[in-house]
Amino acid sequence: MLNVRKEPRFTSVDFDFEDSTLATMGQSKWTVMIKDLLVSCRIGAYPHEYNRSQQVMINLKCDYYAPVPTPQVEMNQVLCYDQIVQSIYTFIKKDHVYFMETLAEEIANICFADQRVQTARVAIEKLEALPDAKSVGIEIVRLRKD
């Protein structure tokens with residue numbers, strides 16, 4: 001069964017987004033990076049990919065604007081990479097994902113759950129798709145539109 005998606009809260013862009021307005025309002029730009037997150041998930045549209053897990057590598061960058069954190073340890077001052085990773089794990093455990101594009105869009109949605117996030121760059125690579133290739137993959141860049 002294909003997952004039915006809500007209208008995304010972002011648009012596609014082909015460039016790195018810089019919003020000088022936020023920067024001039026006392027906000028600093030921060031980028032959270034998650035590199036080479038290796039997960040096992042049920043992904044793929046071919047019949048031989050159903051009911052089995054594959055190794056997938058996820059890379060993402062989330063740009064957000066916020067004041068410089070104070071010395072007090074308050075996690076809400078920053079974008080929490082652990083919450084993003086836990087949300088990714090929750091999604092991939094739910095059901096079979098037919099397309100890498102679907103997984104990438106969902107990860108972008110996870111990033112945009114934090115209202116401070118303005119851009120998300122997500123790369124997905126299937127490591128077992130082709131015997132003669134290290135990986136096959138896709139990359140998306142999304143910009144918040146609200």
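Which residue forms a salt bridge with Asp114? The partner is Arg116, and the closest N and O atoms of the two are 2.8 Å apart. Arg116 is partly exposed, at a relative accessibility of 22%. Before going on, please keep in mind that this is a predicted model.

Staying with salt bridges: the count for the structure is six. I will show two others.

One of them joins Lys29 and Asp63, with 3.8 Å between the closest N and O atoms. The cut-off for a salt bridge here is 4 Å, so a pair at 3.8 Å is counted. How do the two ends compare in accessibility? Lys29 is partly exposed, with a relative accessible area of 33%. Asp63 has 14% relative accessibility and therefore counts as buried, because buried means under 20%.

The next salt bridge is between the side chains of Lys126 and Glu49, at 2.6 Å from N to O. Lys126 sits in strand 4 and Glu49 in the loop between strand 2 and strand 3, so to speak distant parts of the chain, 77 residues apart. Are Lys126 and Glu49 buried or exposed? Both Lys126 and Glu49 are buried.

How many aromatic pairs does a search of the whole structure find? The search gives one. The pair is Tyr50 with Tyr98, in an edge-to-face arrangement: 5.9 Å centre to centre, with 80° between the planes. Tyr50 is in the loop between strand 2 (28-41) and strand 3 (54-66), while Tyr98 is in the loop between helix 2 (81-94) and helix 3 (100-112). The two tyrosines are 48 residues apart, and the pair links distant parts of the chain. Tyr50 is partly exposed, with a relative accessible area of 36%.

Now the backbone. Most residues other than glycine have a negative phi. Asn51 has a positive phi, near 60°. Asn51 is also in the loop between strand 2 and strand 3, and with a relative accessible area of 76% it is exposed. A positive phi is found at Asp36 as well, near 55°. Asp36 lies in strand 2.

Where is Glu128 placed? Glu128 is in the loop between strand 4 (117-126) and strand 5 (136-144). Its relative accessible area is 39%, so Glu128 is partly exposed. Leaving aside residues up to four places away in sequence, Glu128 touches Arg52, Ser53, Gln54 and Gln55. For Gln55 there is a specific atom to point at: the side chain of Glu128 reaches the backbone nitrogen of Gln55 at 3.2 Å. The C-alpha atoms of Glu128 and Val56 are separated by 8.2 Å, and these two residues are 72 residues apart along the chain.

To recap the loop between strand 2 and strand 3: Glu49 there is in a salt bridge with Lys126, Tyr50 pairs with Tyr98, and Asn51 has a positive phi. That is what I have.

Technical notes
Residues numbered from 1 in each chain as written. Predicted model: local features only at pLDDT ≥ 70, side-chain atom pairs only at ≥ 80, totals over all residues. Heavy atoms only, no water. Helix = DSSP H or I, 4+ residues; strand = E, 2+ residues; numbered from the N terminus. Buried < 20%, exposed > 50% of the residue type's maximum accessible area, 1.4 Å probe, protein only. Contact = heavy atoms within 4.5 Å. Polar contact = N/O pair within 3.5 Å; in protein donor to acceptor, adjacent residues only side chain to side chain. Phe/Tyr/Trp six-rings, centres within 6.5 Å; stacked < 30°, edge-to-face > 60°.
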